[in-house]
Amino acid sequence: MFNFVKDAVRQWAVDVFANSVKRLGSADDRLQAIRWLGQSREIVASDLSVSDKIRRLSGLVDSRSVVKFVAARVTEAVQNYRHSNLPLAVKVAIPATLAAVPLVGGQAAGLAAFGGAIGVPVLLLVFLGAAGITSIIEAIIRDPAARPAIAEVIDIIIKDERLRETSWRMKAAMRERPVDPVRFATPQEGAGIHAALLKMDPFQFERHVMSFFESAGCKSWVTQRSNDLGVDGFAVHPKGLIVTQCKRNAPDNRVGRPVVQQFKGVIEEQNAYHGYIVTTSSFSEEARQSAVLSGRITLVDSGELVSWHFEAPRFDL
């Protein structure tokens, strides 16, 4: 029962935090809140004792007026949990669940604690954890209005535990003048969509392709500067980093085996989780055979890319 309640409270808390940050009046305030969450995640994931974590988390809450405002909104929502959209069974179980949580920082983690400074740190440490805080950050930055400085946000994302194994070269490429994905307008029928894709310049095409990863719930971006890894776009999947190479080729210009082999090497050597090569043309038979030999690369030709516009891909890898 405890795990059921904890999971339900975690998802609810993610929504409460994210909505509180999104309501901040300025882009700078939202960025400050995102930085705070990134710093809090580092503390929660550290090897510090529980009491030291609580002390440092409390210090972060007290450090900025913007953070105090968000913490106050979260505290108010927790104190009024009976009026939330949580299932009735969870509402009934919350007081007993909080009472069962061990002492943190020398204080009990009961509901009354949320009236004081310990409340938000308890939510961050006990109910959310590093993964939950990451979910808050991702919920915020899916809203374009809440992403005022994507480069700084990406620096926070790069510290995510899911990307721990990613090489320093790949992380450097991820930071190269990042830009948000954009879904550009296209016609409603297949041939028209393909024609519109061919008319996009390569950078527009990259942003358009990465918008499908963003819509599927993966934080995504493209880079304005080319890099020697041959990666055009990045997406953070629950299991790790997805990298993409976008080939806006003429229909008769098939992607060949050398391109696939080179990209396979990048994925493996740079510790990416999975890779996609997306093209407006097709792939040679040799290219497809090369891709089949790896379980970490997916080829998307013009036909499949057009189909993404009618039925959004899920990227369940």
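**Exercise 1. Which residues is methionine 170 in contact with, leaving aside its neighbours within four places in sequence?**

Solution.
- Step 1: A contact means heavy atoms within 4.5 Å.
- Step 2: With that cut-off, and with neighbours within four places in sequence left aside, the partners of methionine 170 are Leu229, Val231, Phe234, Leu241, Val243, Val266, Gln270 and Ala272.

Before you go on, a word on the model: it is predicted, so local features need pLDDT of at least 70 and side-chain atom pairs count only at pLDDT 80 or more, while totals for chains, interfaces and linings use all residues. Residues are numbered from 1 along each chain as its sequence is written, and side-chain values use heavy atoms, with hydrogens and water left out.

**Exercise 2. Which members of the largest nonpolar core touch the most other members?**

Solution.
- Step 1: A nonpolar core is a set of buried Ala, Val, Leu, Ile, Met, Phe, Trp, Tyr and Cys residues joined through side-chain atoms within 4.5 Å. Buried means under 20% relative accessible area, exposed over 50%, and partly exposed in between (1.4 Å probe, protein chains only).
- Step 2: The largest core has 61 residues, and Phe17, Trp36, Met170, Phe234 and Val243 touch the most other members.
- Step 3: Helix α6 (residues 119-141) gives this core its largest share, 10 residues.
- Step 4: There is also a second, separate core of 21 residues, with Met200, Phe212, Ala235 and Phe315 among them.
- Step 5: For the chain as a whole, 51% of the 317 residues count as buried.

**Exercise 3. How many helices and strands does the chain have, and in what order do the strands of the open sheet lie?**

Solution.
- Step 1: Helices (H or I, at least four residues) and strands (E, at least two) are DSSP runs, numbered from the N terminus. By this count the chain has 13 helices and 6 strands.
- Step 2: Two strands pair if DSSP finds at least two bridges between them. The open sheet of 6 strands has the order β1-β2-β3-β4-β5-β6, and its pairing is mixed.
- Step 3: Look for the edges: β1 (178-179) and β6 (297-300) each pair on one side only.
- Step 4: Strand β2 (residues 219-223) pairs with β1 in the antiparallel sense over 2 bridges. Valine 179 has valine 222 of β2 as its bridge partner.
- Step 5: Helix α10 (residues 202-215) packs on the sheet, touching β1, β2, β3 (233-237), β4 (240-247) and β5 (274-279). The direction of α10 makes about 170° with that of β2; axes are lines fitted to C-alpha atoms, for helices over the stretch in contact, and angles run from 0 to 180 degrees between N-to-C directions.

**Exercise 4. How many salt bridges does a search of the whole structure find?**

Solution.
- Step 1: A salt bridge is a side-chain nitrogen of Lys or Arg within 4 Å of a carboxyl oxygen of Asp or Glu. The search finds 2 of them.
- Step 2: One joins lysine 219 and aspartate 180, at 3.9 Å from N to O. Because lysine 219 lies in strand β2 and aspartate 180 in the loop between β1 and α9 (190-199), the pair ties together parts that are 39 residues apart in sequence.
- Step 3: Lysine 219 counts as buried because its relative accessible area is 3%.
- Step 4: Another joins aspartate 301 and arginine 288, at 3.0 Å from N to O. Aspartate 301 sits in the loop between β6 and α13 (302-308) and arginine 288 in helix α12 (residues 285-292), 13 residues apart.
- Step 5: Arginine 288 has 30% relative accessibility, so it counts as partly exposed.

**Exercise 5. Is serine 40 buried or exposed?**

Solution.
- Step 1: Find serine 40 in helix α2 (residues 27-44).
- Step 2: Its relative accessibility is 0%, so serine 40 counts as buried.
- Step 3: Apart from neighbours within four places in sequence, serine 40 is in contact with Leu57, Leu60, Leu124 and Ile133.

**Exercise 6. Where do aspartate 228, asparagine 271 and threonine 186 lie?**

Solution.
- Step 1: Aspartate 228 is in the loop between β2 and β3. Aspartate 228 is exposed because its relative accessible area is 65%. From C-alpha to C-alpha, aspartate 228 and methionine 170 are 10.0 Å apart in space, and 58 residues apart in sequence.
- Step 2: Asparagine 271 is in the loop between α11 (257-269) and β5. Although asparagine 271 is not a glycine, it has a positive phi of about 60°.
- Step 3: Threonine 186 is in the loop between β1 and α9. Not counting residues up to four places away in sequence, threonine 186 touches Ile193, Ala196, Met200, His208 and His309.
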